[in-house]
Amino acid sequence: MSQDKQIHLCGFLVAGPVVHSHAIWRNPAHETPFLTLGHYAGIARTLERGMFDFVFFADRLAIADRYGDSHEIGIRHGDQDATRMDPVPILGAMAAVTSHLGLGATRSTTYDAPYNLAREFATLDHISGGRAAWNVVTSMNDGEALNFGVAQHLSHDERYDRADEFMELAFKLWDSWEPDALVLDRAAGIYADPAKVRYANHKGRWFQSRGPLNIPRSPQGRPLIIQAGSSGRGKAFAARWSEVIFALQPNLTRMGVFKADVAAALEKEGRAPDAAKVMMAVMPFIGDSRAEAEDKRDLHDSLVDPRVGLSTLAAHANADFSSLPLEATVNEIADTGSQGNLAALRSIAGDGSTTIAEAGRIYGRGVMCPRVTGTAEDVAEELISIVDSGAADGFVISPAFLPDTFDDFVDRVTPILQKRGRLRSSYGAGSLRDRLNGAGRP
Ligand SMILES: Cc1cc2nc3c(=O)[nH]c(=O)nc-3n(C[C@H](O)[C@H](O)[C@H](O)COP(=O)(O)O)c2cc1C
């Protein structure tokens, strides 16, 4: 008997006042204590109650000051980069208050050091019992380069070349302890078997590292690998390394095209076309009635200053287009940052005729996350239909407010998905990777 396709769920976060929605910290109903442990611990418990596969932190390594060559707008009005705390320590705290929820963080192959990174994720994987995930990014803009003493960001494709070698080295380090290297024979005084702990001796174009890692192999061996590049080179990289691919596509048609491109890229790498799960970002607005959900959405949108959207768009595109008039089209923005994001933005009007003013509004409201608005039944139905159309394996739930969106989703949509046989009712045993690959079905 064929089983209905399971829906994978990820709770999307930034360790700051804004996620995709720039209205989050302006919630009129209550404060959003985004600098406190309690905020993140509460969200982790909620997502686990809602049977999410994992929580995930996006991250960037600089404030946004590309637009108008100034941080005036971003800092004054609170854009996506105005504050980002380091997600990995927060995941450690989230691990302590949950037992099953996967724990994902973004780290950069352009600015992090492979040895440090391998240690961080091996540690997180140990202390969480096999729940660590790494979103591999190549970073986006010159602001990040300047924080690491580099005058200019590496070129787009060079960043991915470096990322390939970073992955090779990180994998060598994670593999430097065999699974049974740790002996812990207390009576004989044997800690580990040196024959099963190997030097990496990596000498490449970008990195040199002797290894071995100073941490035994972790429960998953290595973190679950997530990637979100959406250019051609980005997809090829994802096809080589990733187990989950995040995408932000503004509509169903583009979701379908993206998923098909990923399947083709995976096959080109010699992997099965469904070897990596594709998870699409969506921002739900849930009400008792459709009208109530639309009111929530409209209130949310009224709190967004389009200028913060422009600040974030400039950071993503790594381009200062402040000299262009607001009536100019997004086609006129030169892009050296995230090519995939700008291509998606151009696709919104089909021919790139979206104006810069409109792009500011779209970006401020939620970057380009498609919104799913209606009753819990409507939202569940729409998510199921996207998955059944073959355009996604699951969703990155991007909050409009915190913790409100996750509370609404978990209290109202999770039970419907469970009743429809699309979401687990308990986690069962196993690692995050096991779960993504099908363990714990309802
Ligand atoms: C849904 C999504 C989430 C992303 N999250 C991050 C992030 O948190 N930090 C970051 O530096 N880049 C992030 N990126 C950027 C990509 O990882 C990638 O480095 C960038 O898009 C450039 O590659 P591309 O031109 O192939 O898209 C994200 C991209 C997408 C589509």
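The questions and answers below concern a predicted model.

Visitor: Which residues of α7 meet α6?
Guide: On the α6 side, the contact is formed by H156, D157, Y160, D161, A163, D164, M167, E168 and F171. By class, the contact of the two helices has six nonpolar, two polar and six charged residues. The residues that α7 contributes are R233, G234, F237, R240 and W241.

Visitor: What is the volume of the largest cavity?
Guide: The model has two cavities of 30 Å³ or more. For the largest cavity, the volume is about 690 Å³.

Visitor: Which residues are the closest to the centre of the largest cavity?
Guide: This cavity is lined by 43 residues, which divide into 18 nonpolar, 18 polar and seven charged. Elements that each supply at least two lining residues include β3 (102–108), β4 (132–137), α6 and α11 (339–348). The closest to the centre are N135, V137, M140, A228 and N341.

Visitor: Which residues line the second largest cavity?
Guide: By class, this lining has three nonpolar, one polar and three charged residues. The residues in question are L224, E243, V244, K277, R433, L436 and N437.

Visitor: Is T375 buried or exposed?
Guide: T375 is placed in the loop between β12 (371–374) and α13 (376–388). Not counting residues up to four places away in sequence, T375 touches I286, G287, D288, S289 and R290. Its relative accessibility is 15%, and the cut-off for burial is under 20%. T375 therefore counts as buried.

Visitor: What is the relative accessible area of A400?
Guide: A400 lies in the loop between β13 (394–397) and α14 (404–419). Leaving aside neighbours within four places in sequence, A400 is in contact with S21, A23, I24, M283, F285, H300 and T405. A400 is buried, and its relative accessible area is 2%.

Visitor: What distance separates the C-alpha atoms of A400 and A105?
Guide: Along the chain, A400 and A105 are 295 residues apart.

Key
Residues are numbered from 1 along each chain as its sequence is written. This is a predicted model: local features need pLDDT of at least 70, side-chain atom pairs count only at pLDDT 80 or more; totals for chains, interfaces and linings use all residues. Side-chain values use heavy atoms; hydrogens and water are left out. Contact means heavy atoms within 4.5 Å. Helices (H or I, at least four residues) and strands (E, at least two) are DSSP runs, numbered from the N terminus. Ala, Val, Leu, Ile, Met, Phe, Trp, Tyr, Cys and Pro count as nonpolar, Asp, Glu, Lys and Arg as charged, and the others, Gly among them, as polar. On a 1 Å grid over the protein atoms alone, a cavity is a set of points where a 1.4 Å probe fits but cannot get out, and a pocket is an open set with protein on both sides within 12 Å along at least five of seven lines; lining residues have an atom within 4 Å of a point. Grid points are joined across faces, edges and corners, and a volume is the space filled by probe spheres set on the points. Buried means under 20% relative accessible area, exposed over 50%, partly exposed in between (1.4 Å probe, protein chains only).
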